[in-house]
Amino acid sequence: MTTLAVDFGGRRIKTGIVSRGEVVAMQVVPARSDEPLALRLEAIATDLKMLCSKHGVRPAHCQGIGFAYPSIIDAPQARILDHFGKFGDASAFDLRAWAKKNFGLPLAIDNDARMALIGEWRYGAGRGCDNFVMVTLGTGIGASAVIEGRVLRGVHGQAGILGGHMTVRYGGRPCVCGNIGCAEAEASTAQLERLAKEHRSEERRVGKECRSRW
């Protein structure tokens, strides 16, 4: 079984070819998530076709395309329900029509943390586990779970992914989702540089106060 795969990160998009649970080929491009998703998908289609050509894979012989996407997803309808500051037109885009037009293939999409969990559950550290939780730390913070041998999704696709956009600090930093003090705004890798600068500034301030006292 061979599939085409796209992982939408906050800063990078990874495209690849997966066969029998192994990554056959992969390439990484900037996410440019401030652009419309329609424009990025044009580039992704070109990248996937070039990747297939380079590695002798015919898209017509693949089983489908899988998208891992950092948002709330209606998996049965293959729809992105919110954008959380990335690709503002995403919820209006017909991904299955795009996959059919460019590759003649069916498309499946789910939350990126949930997709990572499914990969580990089937092929990695979670094999053989009926109860399994994953937390992903990257540009954002994600969470997902398998409970009694079933992937936890819930009626609205939000169950189990309560990670990055929960308030963890009252009166904290503004988040791209519009909330205040979300875990992603306080502790994700996207914030590390700013946090480090603030920490150094605070160290200098405290050091200066201590020297003035003594």
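In this predicted model, Ile147 has Arg150 in β10 as its bridge partner. The two strands concerned, β9 (residues 141-147) and β10, run antiparallel and are joined by two bridges. They belong to an open three-stranded sheet with the order β8-β9-β10. A second open sheet has five strands, in the order β3-β2-β1-β4-β7. The points below cover both sheets, the helices on them, the nonpolar cores and the salt bridges.

**Three-stranded sheet**

- Pairing throughout the sheet β8-β9-β10 is antiparallel.
- β8 (132-137) and β10 are the edge strands, and each of them pairs on one side only.
- Helix α3 (residues 112-123) lies across β8, β9 and β10. The direction of α3 is at about 130° to that of β8.

**Five-stranded sheet**

- The sheet β3-β2-β1-β4-β7 has mixed pairing.
- Its edges are β3 (22-30) and β7 (107-111); each has a single partner strand, so one side of each is left without a neighbour in the sheet.
- From one strand to the next, the twist averages 15°.
- Strand β2 (residues 12-19) runs antiparallel to β3, and eight bridges join the two.
- Within this pairing, Thr15 has Gln27 of β3 as its bridge partner.
- Strands of a sheet pair through backbone hydrogen bonds, in either parallel or antiparallel fashion.

**Helix α1**

- Helix α1 (residues 37-54) packs on the five-stranded sheet, where it touches β1 (2-8), β2, β3 and β4 (64-69). Its direction makes about 35° with that of β2.
- The 18 residues of α1 reach 25 Å from first C-alpha to last, close to the 26 Å expected at 1.5 Å a residue.
- Which residues of α1 are buried? They are Leu37, Arg40, Leu41, Ile44, Ala45, Asp47, Leu48, Leu51 and Cys52.
- An α-helix has 3.6 residues a turn, so residues three or four places apart point the same way.
- The buried residues of α1 pack against β1, β2, β3, β4, β6 (79-80) and α2 (95-103).

**Nonpolar cores**

- The largest nonpolar core has 33 residues. Phe8, Phe67 and Trp98 have the most contacts inside it.
- At least two residues of this core come from each of β1, β2, β3, α1, β4, α2 and β7.
- Helix α1 supplies the largest share of this core, seven residues.
- Leaving aside neighbours within four places in sequence, Phe67 is in contact with Val6, Phe8, Leu41, Leu95, Trp98, Leu107, Ala108, Ile109, Asp110 and Met115.
- Another core, of six residues, lies apart from the largest one; Leu117, Trp121, Met134 and Val151 are among its members.
- In soluble globular proteins, nonpolar side chains tend to be buried together.

- Side chains of opposite charge can pair when their charged atoms come close.
- Asp110 and Arg114 meet in a salt bridge of 2.8 Å, N to O.
- Are the two partners, Asp110 and Arg114, buried or exposed? Asp110 has 3% relative accessibility, so this residue counts as buried. Arg114 is buried too, with a relative accessible area of 1%.
- Arg153 is linked with Asp110 and Arg114 in a network of salt bridges.

**Salt bridges of Glu186**

- Arg169 forms a salt bridge with Glu186, and their closest N and O atoms are 3.1 Å apart.
- This pair links distant parts of the chain, 17 residues apart. Arg169 is in the loop between β10 (150-151) and α4 (183-187), whereas Glu186 is in helix α4.
- Arg169 is partly exposed, with a relative accessible area of 43%. Glu186 is buried, at 12%.
- Glu186 also meets Arg173 in a salt bridge, at 2.7 Å from N to O.
- This second pair also links distant parts of the chain: Glu186 in helix α4 and Arg173 in the loop between β10 and α4, 13 residues apart.
- With 12% relative accessibility, Arg173 counts as buried, because the limit for buried is under 20% relative accessible area.

Note on methods
Residues numbered from 1 in each chain as written. Predicted model: local features only at pLDDT ≥ 70, side-chain atom pairs only at ≥ 80, totals over all residues. Heavy atoms only, no water. Pairing = 2+ DSSP bridges. Helix = DSSP H or I, 4+ residues; strand = E, 2+ residues; numbered from the N terminus. Axes fitted to C-alpha atoms, helices over the stretch in contact; angles between N-to-C directions. Contact = heavy atoms within 4.5 Å. Expected span 1.5 Å × (residues − 1). Buried < 20%, exposed > 50% of the residue type's maximum accessible area, 1.4 Å probe, protein only. Core = buried A, V, L, I, M, F, W, Y, C linked by side-chain atoms within 4.5 Å. Salt bridge = Lys/Arg side-chain N within 4 Å of Asp/Glu carboxyl O.
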